[in-house]
Amino acid sequence: MTGRDYEIRAAAVDPLGPLRDPQEPGCDVFLTGTVFLDIIFTGLDSAPVRGTESWARGMGSSPGGVANMATALARLGLRTSLAAAFGDDHYGEYCWDALEQGEGIDLSMSHTIPGWHSPVTVSMAYEGERTMVSHGHEAPPPAGPEPFPQCPPRARAAVAALGPGRGEEWIAEAARRGSRIFADVGWDESGRWDLGALADLEHCEAFLPNAGEAMRYTRTDCPRAAARALAEKVPIAVVTMGAEGSYAVDGRTGETAYVPGITVDELDPTGAGDVYVAGFVTGTLAGWPLTDRLAFAGLTAALSVQEFGGSLSAPGWPEVAHWWQTAPQELRGRYGFLDDLIPPSGAPAARRRAVPTIGFRHPA
């Protein structure tokens with residue numbers, strides 16, 4: 001089979017195809033958050049030096065922030081709905097068009113705010129790391145007394161970012177409406193690392209912190225011990241360990257799973273965590289075994305770090321299929337489930353991917 005054959009097959013992949021039913025929700029995954037315009041400079045030999053001018057050999061622009069997760073989900077074939085505020089500047093217009101037209105993301109619950117400018121992040125990638133500078137102001141709430149989003153759509157799942165000391169009404173409402181909640185968490189700036197302060201953890205089916213976060217929240221010194229402790233609080237605990245892979249515990253059944261990371265030439269880790277979560281959500285909704293879910297999530301994250309940018313680097317099925325076509329022999333047993341995911345025939349979906357710059361306009 002040629003590489004082009006794999007790409008044609010992969011473009012038609014719907015991981016939830018066998019499960020779809022007219023009575024099921026039209027939305028697979030719902031999420032909400034802040035959309036940034038990301039401007040990424042690449043090809044820097046070193047960090048910028050004060051008082052000098054540095055030239056980058058490459059750059060790209062793309063929607064960032066919560067758009068990284070939304071794009072990763074959509075590119076894996078999940079029907080994705082995003083509720084977010086967009087500025088009425090050119091940046092906001094570009095991000096809206098890139099997500100809705102370029103990625104096929106449903107923005108019917110999003111809104112444009114007159115007079116509010118889009119948050120912006122400038123990211124500089126060098127030596128396998130990144131340095132970011134951001135600017136923005138909190139979006140004013142939409143008119144009306146109700147919180148935003150007022151009522152999440154009926155969806156198979158929702159992805160949330162938990163924060164200590166705060167609860168989000170939409171998370172509890174989404175869970176009441178039947179959505180399976182997947183959550184990650186950011187760094188606790190307070191330094192308290194109080195698991196009890198994550199109020200919405202009780203609504204979650206799966207919690208996916210990285211090893212550093214998990215060990216601090218559980219007061220353990222080992223990622224596996226942290227996962228076991230978290231599984232007492234949430235049905236499925238997944239602890240990611242970067243290049244070392246990931247470990248998961250299903251607290252309902254006692255099942256555990258570990259999949260080592262895939263060795264790749266890492267260029268930019270921006271958005272890799274979002275891609276991992278998107279891969280895990282895809283496998284969970286499709287009903288795959290726990291180990292296959294970890295393997296697929298790790299693979300998609302590994303593919304993403306080989307490219308620059310957040311949403312720009314999120315892989316789709318053509319990238320997964322291309323990797324599988326040339327995968328090392330020692331990995332073919334572990335990833336053999338991919339054979340069943342790429343259909344024997346199919347035509348590529350008619351989708352225009354987001355253009356990685358705001359500098360070009362398509363004629364009307």
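A crossing is left-handed if the near helix is turned anticlockwise from the far one by less than a right angle, and right-handed if clockwise. Helices (H or I, at least four residues) and strands (E, at least two) are DSSP runs, numbered from the N terminus.

The model is predicted: local features need pLDDT of at least 70, side-chain atom pairs count only at pLDDT 80 or more, and totals for chains, interfaces and linings use all residues. Residues are numbered from 1 along each chain as its sequence is written, and side-chain values use heavy atoms, with hydrogens and water left out.

First, the whole chain. The protein chain holds nine helices and 14 strands. Of its 364 residues, 49% are buried (under 20% relative accessible area, with exposed over 50% and partly exposed in between; 1.4 Å probe, protein chains only). Take the contacts (heavy atoms within 4.5 Å) with a separation of 6 or more: residues 24 or more positions apart account for 67% of them.

Now the helix pairs. Two packed helices are described by the angle between their axes and the distance between the axes. Axes are lines fitted to C-alpha atoms, for helices over the stretch in contact, and angles run from 0 to 180 degrees between N-to-C directions.

Helix α2 (residues 66-75) meets helix α7 (residues 272-285): their axes come within 8 Å and cross at roughly 40 degrees. That angle makes α2 oblique to α7 (under 35 degrees is roughly parallel, over 145 roughly antiparallel, 65 to 115 roughly perpendicular, the rest oblique). The crossing of α2 and α7 is right-handed. From α2 come N68, M69, A72 and L73; from α7 come D274, V275, V277, A278 and V281. By class, this contact has seven nonpolar residues, one polar and one charged (Ala, Val, Leu, Ile, Met, Phe, Trp, Tyr, Cys and Pro count as nonpolar, Asp, Glu, Lys and Arg as charged, the others, Gly among them, as polar).

Next, α5 and α6. Their axes lie 9 Å apart at an angle of about 60 degrees. That makes α5 oblique to α6. This crossing is left-handed. A211, A214, M215 and T218 of α5 touch P223, A226, A229 and L230 of α6. The contact has seven nonpolar residues, one polar and no charged ones.

Which residues of α6 are buried? In this helix (residues 223-230) they are P223, A226, A227 and L230. They sit on the same side of α6 because they cover an arc of only 100 degrees around the axis, taken from the directions from the helix axis to the C-beta atoms. Their cover includes β11 (204-207), α5 (211-218), β12 (236-240) and β13 (246-250).
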